[in-house]
Structures are given as structure tokens and as C-alpha cells.
Amino acid sequence: MKRSRVNDILREGAGFIRSFGYALPPFADWTPAEMKARRAEIDGIVKARLGWDITDYGGGDFATKGLFLFTVRNGDAAALKEGRGMLYAEKIMISRRDQLSPMHRHVVKAEDIINRGGGTLCIKLHASAPDGSVDPESPVTVPCDGILRSFEAGGILRLSPGESVTLLPGVWHAFWAEDSDVLIGEVSTVNDDLTDNVFAEPVSRFSEIEEDEEPYRLLVSDYPAWLGE
């Protein structure tokens, strides 16, 4: 993706998020220069990979296959092994109308996906086969706001604003917005986008950026180059 396109998506997305009354944390508005100047005090942001995240999954067509994310909070994977501490994460996301987030599952993360407003959020569901691959035949059952709902393999769950689903590790899911763009909330166990996403088809979780202009805001994938580990 060109940096100019990323910058445009960031500006549009931030406005869309705030149009629903969702207030982002102050560091969402920091420029790259401000983040570099404050590097000594933002280790928690950098290490937890909090902030902006835009992906076209390596396909080069964000409108067709992509996702807009902002990680608001994130715990420590080491705490999961200890069973205590900050074991949770939160994201706010945007799925554009007919924009696919491709079929994937998580190894560790359990997540609540919440339609925070806009159109209908469509989620295609599959169970995992014994080897972890997509099971093309078995039904899948998921809790939706405390009520269990069952679907045939490949069935589509449709969530209206205010509705949510709990997806446990191993549940394959792909999603997109229907009718109009959707603001999505995600509340989960600790999030690790580097190792905990398993895709049904080969994709790149993070996009290669062509630097045709200066970044408006840093993406989490920019942190190593701009801010160090």
C-alpha cells in the first residue's frame, strides 16, 4: 500500500470512529515526531503494539480485502501462562461494506466481536478439523450475547448494531459489512497479531508500505523501524 493511501484511510477512519461517540486515547493523535520525542515514556505502547493498524492482507486491494484496526489496550502473553495479571485486550475496528477480512482462526485468543454501529456485520463460521484446518462439514455453535446459536458449516451469522458473538480458539471466521460500513468492537484475551493468526489461505497480516509521502500517524507495524523495539 502507498503511504498516501494509508494516510487517507487513517483520516477517514478516525472520523468514522468518533462519529459514533467512541473516544480514542490521546496517543491516537500523536504525530510520528511526537512519538519519537516521547519514546522514553511510551514503552508500554510500543511493546504492547497499541495504536493504528491498517492491512490489505498483501493483496493490494484494500477496498475488497482489508481491515482497519486500533488496539486500545493489550496485556502480556506471559501473564496468560501465570493465570493472573492483565489477561485482556481491546480493539476498535472498521469493516467497510463488502470488504472481506479473510477466513482465519486463533490458537490462543478468545474474542467477543461486537457490532458497535453502522450496517450489519456478517461472519462466516467453520469449526476446526482434528488437524486444525477448516472443517467443511461439521456444524459450529457460538454464544451470541449469552445465547447459544448453531450453524451449518460455512453458515453466516448476521449481527445488528449492539449484538455480539464470542469466538473461542479454533473457530474459523471471516467477516464483512453488509448494507453499510460497520464499527466493530473486540474484547479478547491478550492479542498477538504476530503469531496467533492462522489463515485458511496464504495472506500477509501486515502490508508492505510504499513510502510516497510522510506518515500522518505511525502504524504498529512502523514501530520497529521508527521507534525501535
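Trainee: What makes a residue count as buried, and how much of the protein is buried?

Mentor: Buried means under 20% relative accessible area, exposed means over 50%, and partly exposed lies in between, with a 1.4 Å probe and protein chains only. By that cut-off, 51% of the 229 residues in the protein are buried. Keep in mind that this is a predicted model, where local features need pLDDT of at least 70, side-chain atom pairs count only at pLDDT 80 or more, and totals for chains, interfaces and linings use all residues. Residues are numbered from 1 along each chain as its sequence is written, and side-chain values use heavy atoms, leaving out hydrogens and water.

Trainee: Why does the radius of gyration agree with a compact globule?

Mentor: The rule is 2.2 Å times the number of residues to the power 0.38, and the radius is taken over C-alpha atoms. For 229 residues a compact globule would come out near 17 Å, and the protein has 17 Å, so the two agree.

Trainee: Why is β2 called mostly covered?

Mentor: Strand β2 covers residues 67–74, and seven of its eight residues are buried. A strand here is a DSSP run of E with at least two residues, numbered from the N terminus.

Trainee: How do you know that β2 pairs with β1 and with β3?

Mentor: Two strands pair if DSSP finds at least two bridges between them. Strand β1 (residues 51–55) has five bridges to β2, running antiparallel, and Asp53 stands opposite Leu69 in β2. Six bridges join β2 to β3 (residues 88–95), also antiparallel; there, Phe68 has Ile94 in β3 as its bridge partner. Both counts meet the cut-off, so both are pairs.

Note on methods: Helices (H or I, at least four residues) and strands (E, at least two) are DSSP runs, numbered from the N terminus.
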